[in-house]
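Hi,

Here is the structure I said I would send over. Have a look first, and my notes follow below.

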Amino acid sequence: MPFIPHTPADTAAMLEAIGARSVDELFDEIPEALRCGPLTHVPSALTEQQISRLMQERATADGTFLNFIGAGAYEHHIPAAVWEIATRGEFYTAYTPYQAEASQGTLQLLYEFQTMIASLTGMDVSNASLYDGSSALAEAVLMAVRLHGNSRRVLMPETVHPLYRQVVEAIVTAQSIVLETVPAGEDGRTDMDALRKQLPGAAALVIPQPNFFGCLEDAPEMVQLAQEAQALTIGLVNPIACALLAPPGEWGPGCDIAVGEGQSLGAPLSSGGPYFGFMACKRPHVRQMPGRIVGRTVDAEGRDAFTLTLQAREQHIRRSKATSNICTNQGLLVTAATIHMALLGPAGLRQVALASHAHTKRLVARLTAIAGIRLAYPNTPFFHEAVLRIDAPVPDVLRALEAQGILGGYALSEAFAALADGLLVCATETKTEADIERYAEQLERIVSKRRMEPPCAYKDNNQRSL
Amino acid sequence: MLIFDRSQPGRVNAAQMPPAMDLPSDIPEALLRRQPLVLPEVSELQAVRHYTRLSQRNFSIDTHFYPLGSCTMKYNPRASNALAMLPGFLNRHPLAPESTGQGFLACLFELQEILKDVTGMRGVSLTPMAGAQGEFAGVAMIRAYHKARGDEARDEILIPKAAHGTNPATAAMCGYRVHEIDVKPDGDIDLAALDAAIGPRTAGLMLTNPSTLGVFDRHILDIAQRVHKAGGLLYYDGANLNAILGQVKPGDMGFDVIHLNLHKTFSTPHGGGGPGAGPVGVSERLLPFLPVPIVGESRGHYYWITEKTRPQSIGRLSTFMGNAGVLLRAYVYARLIGREGMPRIAQYAVLNANYLLRKLAALGFEPAYKGRRATHEFLLTLKNLKDATSVTAMDVAKRLLDKGYHAPTVYFPLMVPECFLIEPTETEGLDELDGFIAAMAEILLEARTSPDVLKGAPHTLPVRRLDEVRAARELNLTWTPPHKTHS
């Protein structure tokens, strides 16, 4: 019996102590009609060796690729020590630290994490994390509406990640909050004239930095405009970029709330999760912040100690009047992120940001030297992603690159009708000059061929020749 | 000591400094960071030692019996972690084409099929990232269902008083009014109260069965019939599925929608408070509303089902595919347990709980629901002990820590005074259970002879009881360098 330690003698002794003839008798309060027969769609048990073999086959079946996709999840080096320590049983198999005396390790780590995130975002206080970047943004929208009190209209720039906009829509609309899109201008940034017209009467404005296209918004000006219109501001940021770029706390008079996807801080790409969302805010807003928060205090002997605090905001106390239904944070990912940030330090994190920025600039310079490829927003500075426009069908190009072991970027046609020829590319610190050169050579060959003889000869996944 | 206290300016981990191409940047000065970044400057060894030592200040399943009721703290097989962390899974980008993730998608598809079978539901979506998000998805689907039928007068969700706090919080997040239903002294729902509450405004009923009181509601078929007759839907909170896995299917009880906590029933780690995973399952009529993405299969090829083919979906709840790595861990666990093993989980979880209940009752601890079977957990009330000795449930809980046992859930459900919700799980053996019983016996004796020992507990942990009031009043949520005042 996998993971069940009972011997037949144990079971017999226990049943005798209970006064039951069989284990089945212990289910006698359940109506007989409800007892199900054998499961039919669960396969028979495998041994650890058998499942290991299966998983290894599946993990390697699809091959390995040189990846230039970003779009919300970024390939960064993770120091070996990070997951070695995060998966220690004492972190990995502990529960939410309700019993503070038996959870000082996790609690102190969360306090250190909150300090790191507050500094990174330039804000006063941070919570102990939320599920992921997009759901954190949804929580920030709900929080801003609670703080504002008089309006339920929230401005969401078109330059926010399209999947984030979908998630926010799914989560907040049940509370009759209206999300209003602020259009993007031709420079890949939020159209400031449109924004000025839409701001009056709005509860909050979301400000992505860098935005989904990798472009840098005039975030300080956006905060200024919002504040003049008495709208709250939510900065949506990449944590690596915060080591180089002005963080939300430094935008003009400072954002009210900062949120983002924490994946770049030590979480592997892992097909989309688990990641973690982070949230920080100005100090007066802390009682409307959702999620776990750890505070520093003392014990009965005056020793330094840490505990969950402000729990009166939370569902297990406030029930239907809680700030959110959120129960967990992403503790294990936060453990990894905290160790990750400690290992990199301020210089290391800044160097990752600088390297990612420089490598993307190199990638863009090299790719736009190819005939038929140009930068979509040539006059707008970008961080570590950029939109290219390609004079060949983007899906075909991506398939041809895939056949060469390269994931060339994220096609924008699906989310942005005006960018049918758009490709979002990213090169972090993990990409070398040789990687960029390999991508460029393949792309040049593929694009020159497509431009001359469309449509392509490439018909299905099995046909690898071009 | 905080990691920041170990920091020295100018210390750099050269091994973690990426090489960079030296290119000029065109980022305007006004958009660059001005404030210094407050991160520790420590060596790799200092960081490794600091966090290893912190880990040792935790109780965990790997180190301690952890009978935390309603949390299902059972053994998390190491194989689940090792196999979910194979490089091929870890390095895959979430937006990489389906063709590069067939192995990953196959695992998720098969997990969907397994969860459909054990819950008796028609469709499953794996995307919700925690139980609370699964609840949100479930109630949002109930809302979408009524709306699609033009039945928009339904603005109330019924919830038993004993329910998890997430239930009413979720209903409120979905825009519903919450109507709480009383529970009878025997732990079952008060059907008369239900009848009085139910009506044309009822959108649905959220129920955990076995309930948070540790008993199986014997009238579940009756309840389901009444809710359905009134036009409402039935929501199953899967927090306690471990009690009935492979024995009873929520679908057979009449539930229309269910969420599971894979970090409970399917043994994925709790990680110090997440990540969890809260997949949702639905009956036929809610299929169109499931959150996306879902994994589909056609002649051996796996693909994403998205809003394009599910226009009525409640939408996306996570940027990509929920807590994908947690789903892989649950998949590995399900395959290790297999068809034969699933019903055994419920059998031994229930056997362990009933054994503990019987033994603790014999010592003089009072069951909250006398005469009822324990399910996978049971509730004690220490009210009489408190009246006799002034020792509270919290004191007993803290004293258990001294004796090397994590405390059970205390003061939940709120309606039972001085309560202790105890869930041993199936992965604990007889020796461990007997050790816990012996510790409880010692504590009972101490309560009568030297109650101050309990009131001052814990004595042997890194810290004594904390000043929680100070934590909330003098908020100190971040460290700041000594010369500044903290925020």
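**Strands, domains and chains**

In chain B, strand S2 (residues 156–160) runs parallel to strand S3 (residues 177–181), and the two pair over 5 bridges. Pairing here takes at least two DSSP bridges between the strands, and helices (H or I, at least four residues) and strands (E, at least two) are DSSP runs, numbered from the N terminus. B:Glu156 sits opposite B:Arg177 of S3(B). Between S2(B) and S3(B) the chain passes through helix H6 (residues 166–173) of chain B, in a right-handed β-α-β crossover (with the strands pointing away from the viewer, the path from the first strand over the helix to the second runs clockwise).

A word on the basis: this is a predicted model, with pLDDT of at least 70 needed for local features and 80 or more for side-chain atom pairs, while totals for chains, interfaces and linings use all residues. Residues are numbered from 1 along each chain as its sequence is written, and chains are lettered from A and ligands numbered from 1 in the order in which they are written.

Chain A is split into domain 1 (66–75 + 346–452) and domain 2 (80–340), with bounds from an automatic or database domain assignment. Their C-alpha centres are 29 Å apart. The contact (C-beta atoms, placed from the backbone, within 7 Å) takes 24 residues from domain 1 of chain A and 22 residues from domain 2 of chain A.

Between the chains, 169 residues of chain A are in contact with 172 residues of chain B. On the chain A side, H11(A) gives the largest share, 24 residues.

Cheers

Definitions and conventions
Contact = placed C-beta atoms within 7 Å.
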